[in-house]
Amino acid sequence: MRVDVAVVGRGAIGMASALALAREGRSVALIGPEPPQSRLSPGQDNRVFALSARSRSVLEPLGVWAALPPERLEAVTDMRVHPSGATRERSLDFSAYAAGVDALAWIVENGALSQALSQALGFSPVRLVEGTLAALTAGPRDAYARVLLDDGRSLEARLVIGADGAQSAVRERAGIAADWRDYPQRAVVANFDCTRPHRGIAWQWFGSHGVLALLPLPAGAGSGGRFSIVWSAPLALAEQLCNASPQALAERVEAMSDRVAGAMALISRVDSYPLRIGRMAALIGPRVALVGDAAHGVHPLAGQGMNLGFGDLFDLLGALRGAEDPGERLTLRRYERSRAEPVLTMQTLTDGLQKIFDPDTLAAWSPLDRPIQWARDLGWDVVARSSLLKRLLSARALGG
C-alpha cells in the first residue's frame, strides 16, 4: 500500500487527523487497533473533555460535531476559579456573554466523541489498517517513509503522523527524544448527581489540596444537576479519595467545593491517572510529524490537553494545504514553528500554577515561601480585579 499520509493511532486526535486530511483530498491510511466502543449510559463515562471553539471548528466540517448526542454534550457559559479558602470576591470569573461567544467550552464524553469519529470514518475514504507499528524507516532524502507492522505487512507514506499517545512508537522510531517529569499528584475522576443545577458554570479551586475542577454535564432524569470532577490531588490524598466510600468521597468534594452543587451522589466509577509534563526535542522528523499527546504533555489543571491536540491538527492542516509533498521538510518546519508558542505557553502556565500552589514546592523554597505566597496572592488579586486581563485570558483559552 502506498498513500500520501499514514496516521498512527486511533484515539480522537488520530481519527480526526485522518478524516481531515482525507477531506483535503489526500489518500490516508489510519493505523492501529480499533478503539473499544463505549457502552456506558449518559453520566457514567468519567473521561470528559472541555473542547474549545477551535477544537469545535476542526470537528464541525467533518460532520462529527453534529453527530454528538445532545445528552452527552454540555455548554460551559461561565467559569469561576478560586484560590483555596478565598472569598467569592477573589474569584476569577469568565463569561461567554462578556467574551461575545456562545460558550467558553463544551464538555463532551470521551466515549461519545470516539463513537462519532468512528461513525464518520465509516463514510470516508480513509483506509483502516488493524495493526501495531513495529518499525519506521525514513531518511532525509527518501521520497516515502516505510512503515512495518507487527504482523509483517508494510506500507509507504509521504508523511507519517504520530498520534499514538504519550508512549508514542512513532516518536521513538523516529529518534525524537522526550523529556518526561512526573508531578507528585494523581488525577482523580468521577461523576456525580447533584441537588443544585449547574446553570452551565464550571468551577475550579486551587490550593494545598491540588486542583479540584467541577465540569457541568447534562442533567439526568430526576437530578437537579450533574458534574464531572477532576481532582489533581497530592499522592497521599489521591489514594484516600480512591479508597473512600461513595458517601465519604461525595462529602469530601462537597466540602472542598463550598457546596456549590448541593448534595452530591456518585454515579460512576472512580479512576485515577498519573500526571506528567512532557517536552519533546522536536515535533517533526524525516517525513514524520507528531500531534496530540505524542507531541507534548501538560498538567490537566487548565483542561487544555485535548485542545492542544486539536490545535496541532488545525495548524498542521494549514501547513500542508496546497503542498504537493506533505512530508517535505520545509512544509513540516512551518507546522513545528506554528506550534512552538502555544505549546510552550500552555506548559509554562500549567507547570507554574502547579508549582506555586504545591506545598512541597513552597517548602523547598523556605524561607522564601512566604514572599512567594504573597506575590502569588497579589498577582491573583490583580487579575481578579482587571476585566482586561480576564478578557485576554479568556481569549487565549478560546483560541485552543
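How many nonpolar, polar and charged residues does the lining of the second largest pocket have? By class, eight are nonpolar, three polar and three charged. Here Ala, Val, Leu, Ile, Met, Phe, Trp, Tyr, Cys and Pro count as nonpolar, Asp, Glu, Lys and Arg as charged, and the others, Gly among them, as polar.

This is a predicted model, in which local features need pLDDT of at least 70 and side-chain atom pairs count only at pLDDT 80 or more, while totals for chains, interfaces and linings use all residues. Residues are numbered from 1 along each chain as its sequence is written, and side-chain values use heavy atoms, with hydrogens and water left out.

Two nonpolar cores are listed below. A nonpolar core is a set of buried (under 20% relative accessible area, 1.4 Å probe, protein chains only) Ala, Val, Leu, Ile, Met, Phe, Trp, Tyr and Cys residues joined through side-chain atoms within 4.5 Å.

| Core | Size | Residues named |
|---|---|---|
| Largest nonpolar core | 68 residues | L59, V64, L113, L117 and V160, which touch the most other members |
| Another core, apart from it | 22 residues | among them W203, A233, V253 and M264 |

Leaving aside neighbours within four places in sequence, L117 is in contact (heavy atoms within 4.5 Å) with A12, M15, A16, L19, L59 and V64.

S257 lies in the loop between helix 7 (246-256) and strand 16 (264-266); helices (H or I, at least four residues) and strands (E, at least two) are DSSP runs, numbered from the N terminus. S257 is buried, at a relative accessible area of 1%. Not counting residues up to four places away in sequence, S257 touches W205, L212 and L214. The S257 side chain reaches the backbone oxygen of E254 at 3.3 Å.

Key. Buried < 20%, exposed > 50% of the residue type's maximum accessible area, 1.4 Å probe, protein only. Polar contact = N/O pair within 3.5 Å; in protein donor to acceptor, adjacent residues only side chain to side chain.
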